[in-house]
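Me: I would like to go through a structure together. Could we begin with the terms and then turn to individual residues?

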Amino acid sequence: MIRSKEARRRAVYVAQILGVTGAYYLSGRLGLTRQVVVDGAVVTPLWPPTGISLAALLYFGARIWPGIALGALFTVSAIGDAFTWSRMGIVLGNTLAPLAAYALLRKVGFRNELARLRDGVCLVFLGAFAGMLVSATAGSVMLLLDGKVPSGRFWLVWASWWAGDAMGVLVVTPVLLVLRRVRRPRLDERWAEACVLAVAVVLAGLISTRSSLSMIYLVFPVIIWAALRFQLPGSAPCALVVSVLAIMAGTDSLGPFAGHTLMEIMINLTVLNACVALTALLLGAIVAEHQNIRRETEHAVVELEALVEQLAPLPGPPSGRYDDGPPGAPR
């Protein structure tokens, strides 16, 4: 029995490693379909493997790191023919970055439910902005030492790399974290509202990213609607859809991105994706936190009412201690 449990545990662990490796590689190949080359460095406006890696660490713990390393190794190997020491440094940086983000989040007591505003803020500043400094720095330095990036363009490549990795955490990780809370919806009015919301976010995303009238701001009312009505389970997928549509339009130089240089497109995409992700994440967390406070308050009121009923004197016949009795009775 002990050997059976140990073998089952090892089999589950190996399956988790292989699952993370496969998810990393497939998402990396998907992200590379919209790659751009900045001074010889291959970068993407959104790098999904960073979001998948951090979500896997938050679900399974640091022991899942071999899956991240293998996924990064296979993905980097698929970009070029020869595997050099610089590519090994990139693999190391892509492995250490989500581990650093995970360590920072666990240090501050991050909760995977993202039901508190502090959790959303920590994911933004520690998980995305701070943690991805590792991969951007390691990758850019390796390319600089390999002679693929001129020294005068180092910071441009570094900023583009960091932005893509950070956007992967901001856009992909919240979606994966809320999957555990997804339940089969009931066929009520909220189901109809969710369908209308899904259509609205696609239409708003297509119009705002492909129209030449510069209507990027059109997506924000839809994101706010999703956050207010469905919290993070609604706003996070909407943010992902908008980001994907924006990246497709930006890399194809369509709509508001037409006529701009590659660097201008990258900057616009980074700012747009960051604003959309921050709005969805932080507003969804605020609404969830307020609802939790309201439920806790209602529960406390119910408990207080029950306590008052227990402590209140039971109704009964009036006491006759001070009764004067009938007239004429002795006093």
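Reply: Buried means under 20% relative accessible area, exposed over 50%, and partly exposed in between, with a 1.4 Å probe and protein chains only. This is a predicted model, in which local features need pLDDT of at least 70 and side-chain atom pairs count only at pLDDT 80 or more, while totals for chains, interfaces and linings use all residues. Residues are numbered from 1 along each chain as its sequence is written, and side-chain values use heavy atoms, with hydrogens and water left out.

Me: Is D119 buried or exposed?

Reply: D119 counts as buried, because its relative accessibility is 1%. D119 is found in helix 5 (residues 117–130); helices (H or I, at least four residues) and strands (E, at least two) are DSSP runs, numbered from the N terminus.

Me: Which residues is D119 in contact with, leaving aside its neighbours within four places in sequence?

Reply: They are G109, F110, R111 and L114, where contact means heavy atoms within 4.5 Å. With its own neighbours within four places set aside, F110 is in contact with D119 in turn, and also with L58, L105, C122, L123 and L177.

Me: What precedes G109?

Reply: G109 follows helix 4, and its phi is positive, near 75°. Helix 4 (residues 85–107) has 23 residues and should span 33 Å at 1.5 Å a residue, which agrees with the 32 Å between its end C-alpha atoms. The expected span is 1.5 Å times one less than the number of residues.

Me: What about the largest nonpolar core? Which members touch the most others?

Reply: Of its 53 residues, L54, L58, I64, L105, F110, L114 and L123 touch the most other members. Helix 7 (residues 154–178) gives the largest share of this core, twelve residues. Apart from it lies another core of 20 residues, among them A239, V242, I265 and V276. A nonpolar core is a set of buried Ala, Val, Leu, Ile, Met, Phe, Trp, Tyr and Cys residues joined through side-chain atoms within 4.5 Å.

Me: Changing topic: how many helices and strands does the protein chain have?

Reply: The protein chain has ten helices and two strands, in the order α-β-β-α-α-α-α-α-α-α-α-α along the sequence.

Me: And what percentage of the residues counts as buried?

Reply: The figure is 42% of the 331 residues of the protein chain.

Me: Where does I207 lie, and is it buried or partly exposed?

Reply: I207 lies in helix 8 (residues 189–210). I207 counts as partly exposed because its relative accessibility is 40%.
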